[in-house]
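Keep the viewer open as you read.

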Amino acid sequence: MELGLVGLGKMGGNMRERIRRAGHTVFGYDRNPDLADVHSLRELVDKLSGPRVVWVMVPAGEPTQSTIDELAELLEPGDVVVDGGNSRWTDDEKHAGELAAKGIGFVDCGVSGGVWGLENGYALMYGGDKEDVAKVQPVFDALKPEGDFGSVHAGKVGAGHFAKMVHNGIEYAMMQAYAEGWELLEKVDSVTDVREVFRSWQEGTVIRSWLLDLAVNALDEDEHLDGLRGFAQDSGEGRWTVEAAIDNAVPLPAITASLFARFASRQEDSPQMKMIAALRNQFGGHAVEKK
């Protein structure tokens with residue numbers, strides 16, 4: 001089939017290549033002309049035969065909204081837009097409604113695989129009507145990992161991004177658990193080779209995972225991570241997961257704690273700990289450290 005792909009960054013560029021390897025035709029557009037096959041959304045749409053499928057891989061929020069707004073004026077009834085970025089699921093219902101008013105279908109797709117997806121395939125979680133999903137199915141089949149799993153029609157519009165959001169929330173908690181265990185192992189004198197302890201867990205243990213493999217890779221590159229600053233950004237999906245949990249009264253203590261741990265990583269000097277130190281000094285005369 002033919003596909004228009006908007007956004008050719010680290011993910012989008014590799015996705016274009018994997019889809020082409022499966023024998024499909026991809027016309028890619030990016031604001032960077034060095035990456036693009038075409039140089040405007042109008043040119044991209046004109047290249048495609050109907051019913052057209054245009055896959056959007058740009059940052060969530062205004063970049064996605066403006067791209068969908070422009071496509072709504074260029075596409076025709078029966079065409080389909082796929083949002084494969086990290087949009088919030090609540091935006092999907094809005095985008096689907098705007099496009100439906102013009103007879104254009106909409107599918108949201110959570111994509112996981114990062115820089116490894118070109119060779120290993122991408123885990124795909126998508127939401128939308130069966131008719132719209134069917135028009136995109138050859139591309140889903142090209143992108144997914146080999147085998148029976150790694151791709152799912154999760155439900156109605158918004159279900160794909162909601163599923164990907166929860167996936168990322170779980171990822172936050174798993175990374176935090178590995179990080180805490182690593183720090184404790186590094187702290188004690190009795191464990192003399194933390195990296196090899198992590199490596200030993202890669203086979204035969206219940207905590208083996210791809211994240212653990214990546215942790216070992218990182219330790220092979222820098223055994224004690226001395227070259228890194230202890231600062232971790234969050235993509236937004238961890239926050240959305242916690243907010244959704246509050247809205248639905250679902251307890252998520254591990255995921256919530258892992259998100260807050262990232263906030264703590266950005267503080268050079270914790271204001272909360274200043275207050276705790278002051279209170280301990282007030283009620284118990286405990287020593288405080290002055291700047």
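Trp210 is partly exposed, with a relative accessible area of 42%; partly exposed is the range between buried (under 20%) and exposed (over 50%), using a 1.4 Å probe and protein chains only. Trp116 is also partly exposed, at 41%. Bear in mind that this is a predicted model, where local features need pLDDT of at least 70 and side-chain atom pairs count only at pLDDT 80 or more, while totals for chains, interfaces and linings use all residues. Residues are numbered from 1 along each chain as its sequence is written, and side-chain values use heavy atoms, with hydrogens and water left out.

Now for the ring pairs: the structure holds six aromatic pairs. To pair, rings of Phe, Tyr and Trp (its six-membered ring) need centres within 6.5 Å; planes under 30 degrees apart are stacked, over 60 edge-to-face, and the rest tilted. Trp116 and Trp210 have ring centres 6.2 Å apart and planes at 80 degrees, so they make an edge-to-face pair. Trp116 lies in the loop between β5 (105–112) and α5 (117–120), and Trp210 in helix α9 (residues 210–221), so the pair ties together parts that are 94 residues apart in sequence. The helices and strands here are DSSP runs, numbered from the N terminus (H or I, at least four residues, for helices; E, at least two, for strands).

Phe260 and Phe263 pair too: their ring centres are 5.9 Å apart and their planes at 35 degrees, so this pair is tilted. The two sit three residues apart in helix α11 (residues 253–264), separated by about one helical turn. Phe260 is partly exposed at 48% relative accessible area, and Phe263 is partly exposed at 28%.

Ring pairs also link Trp55, Tyr126 and Phe140 into a cluster. Strand β6 (residues 123–127) is mostly covered, with four of its five residues buried. What does β6 pair with? One partner is β5, antiparallel over five bridges, where strands pair if DSSP finds at least two bridges between them. Val111 stands opposite Leu124 in β6. Strand β7 (residues 151–155) runs parallel to β6, joined by four bridges. Together with helix α6 (residues 130–143), β6 and β7 make a right-handed β-α-β unit: with the strands pointing away from the viewer, the path from the first strand over the helix to the second runs clockwise.
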